[in-house]
Amino acid sequence: MASLQPARGTHDLLPEDFRRHARVINIARETASLYGFAPIATPIFEFTEVFQRTLGDTSDIVTKEMYTFTDKGGEQVTLRPEGTAGVARALISNGLSQHLPLKYFYAGPMFRYERPQKGRLRQFHQIGVELLGVPGPQADVEVLALGQHILDGLGVWDRTTLELNTLGDPESRDAYRKVLVAYFQDHLDKLSADSRERLHRNPLRILDSKDEGDRRLVADAPVFADYLNQASQDFFGAVKAGLEALGIPYNVNPRLVRGLDYYTHTAFEFVTEALGAQGTVMAGGRYDGLVGMMGGPETPGIGWAAGIERLALLLAETPEAPRPVAIIPVSATEEPAALALADRLRRAGHVVEFGYGGNVGKRMKRANKLNACAAILIGESELARQAATLRDLDSGEQVEVPLEQLADRLSSLR
């Protein structure tokens, strides 16, 4: 048993790690609620078709990274690699389109089979938001503002940059796609094997290639902005104007893309240099064609997802665990009274540790190890007076307090 280890690409969230994760989730959830985003949780696994339809047969996630298996009923299911597809499926299967617009916040584990690295695991965790049913740029601005607000609340915004681009409407994408295919067709012999395969099925994904040869070609490729129609330019202009009105700085990155056809207009990433090469901490875009492509009614949407592990790495410090109060009976005779007092104080909102054995000295050592703020010693004579000795473990100050006043006295030590 001593040799057992977690599976590669997974890890245990021990209390210190868990507190960092919880801080990310709690601040994000509380901030999202200020913008009217309601919490939602979709299943950890879905029918494989949900992700094959939405992520595309040529994406690395579908071809290389999905955890897919056949269950005992013969159904092919997949552990979710991202959150948007599940939310879109929930919109369709629950008949929620009649209640649009809808705003959702989610948090939970995702799964991708890829090489584990700093801030990226095979089981990882994300927070995310989806705003469904609003076709105008005000939705884009609100989603971006929420992302910036969360990063600011976590204390990481000053180490983050918003990169922004537009993918235009379908008409603009079609125009750009044609010139892009023609450009890469002229350099076919220099493209990587993956990019040659994507050339006619999903050419925009070549712009996001990590292959060095591809990247050199991309540097001289036609720029999307040159093929935007007036409607697309106006939409992007409204998004930028909204960010400027809110005082949110951004950099326009013309090479920032989302390769799938249902993406339109705004694409964005919040990036940092504080984590080395893995610099994206939050990313998203507008996906007006997604729900319709899945078989639901045509529904505009925009959202983002952020890696909890990466955001947790950026936190300046680990949130401290709440400091407990230690209750220490002087002898076994006082144990029942100590148990009753512990229960009363917990119900009053205090964190209480109850020493499980040993003499007073051993229990005091345990209290100090737990970083307790105070110790309550209960002896026979104190009980006779319906009182206990309260010792401030920071100052060493000690005073006898009536049992009925202990909860109030402890509030000043929290």
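Start by selecting Thr84: at 18% relative accessibility this residue counts as buried, where buried means under 20% relative accessible area, exposed over 50% and partly exposed in between, with a 1.4 Å probe and protein chains only. Thr84 sits in helix 4, residues 84-93; helices here are DSSP runs of H or I with at least four residues, strands are runs of E with at least two, and both are numbered from the N terminus.

A word on ground rules before the next click. This is a predicted model, so local features need pLDDT of at least 70 and side-chain atom pairs count only at pLDDT 80 or more, while totals for chains, interfaces and linings use all residues. Residues are numbered from 1 along each chain as its sequence is written, and side-chain values use heavy atoms, with hydrogens and water left out.

Now draw a C-alpha to C-alpha distance from Thr84 to Leu151: the two are 67 residues apart in sequence and 20 Å apart in space.

Next, go to Pro101, in the loop between helix 4 and strand 5. Most peptide bonds are trans.

Follow the chain into strand 5 (residues 102-111) and pick Phe111. Is Phe111 buried or exposed? Phe111 is buried, with a relative accessible area of 11%. Its contacts beyond four places in sequence include Ile44, Tyr67, Leu79, Pro81 and Phe124. Met66 is 45 residues away in sequence, yet its C-alpha is 7.2 Å from that of Phe111.

Which residues touch the most other members of the largest nonpolar core? Select Phe37, Ile127, Leu162, Phe268, Phe270, Trp304 and Leu311, out of 43 residues in that core. A nonpolar core is a set of buried Ala, Val, Leu, Ile, Met, Phe, Trp, Tyr and Cys residues joined through side-chain atoms within 4.5 Å. Helix 5 (residues 137-153) gives this core its largest share, seven residues. Zoom in on Phe270: not counting residues up to four places away in sequence, it touches Leu144, Leu151, Trp157, Leu162 and Met282, among others. Another core, of 39 residues, lies apart from the largest one, and Ile206, Ala221, Phe224 and Tyr262 are among its members.

Two loop residues come next. Asn371, between helix 13 (360-369) and strand 14 (374-378), has a positive phi of about 60° although it is not a glycine. Asn371 is partly exposed, at 40% relative accessible area. Gln386 is in the loop between helix 14 (380-384) and strand 15 (387-392), and its phi is positive too, near 55°.

Finally, zoom out to the whole protein chain, with its 15 helices and 16 strands. Its radius of gyration is 28 Å, well over the 22 Å that the globule rule gives for 414 residues, so the chain is more spread out than a compact globule. That radius is taken over C-alpha atoms, and the rule is 2.2 Å times the number of residues to the power 0.38. The C-alpha trace spans about 95 × 55 × 45 Å along its principal axes. Buried residues make up 50% of the 414.

Technical notes
Contact means heavy atoms within 4.5 Å.
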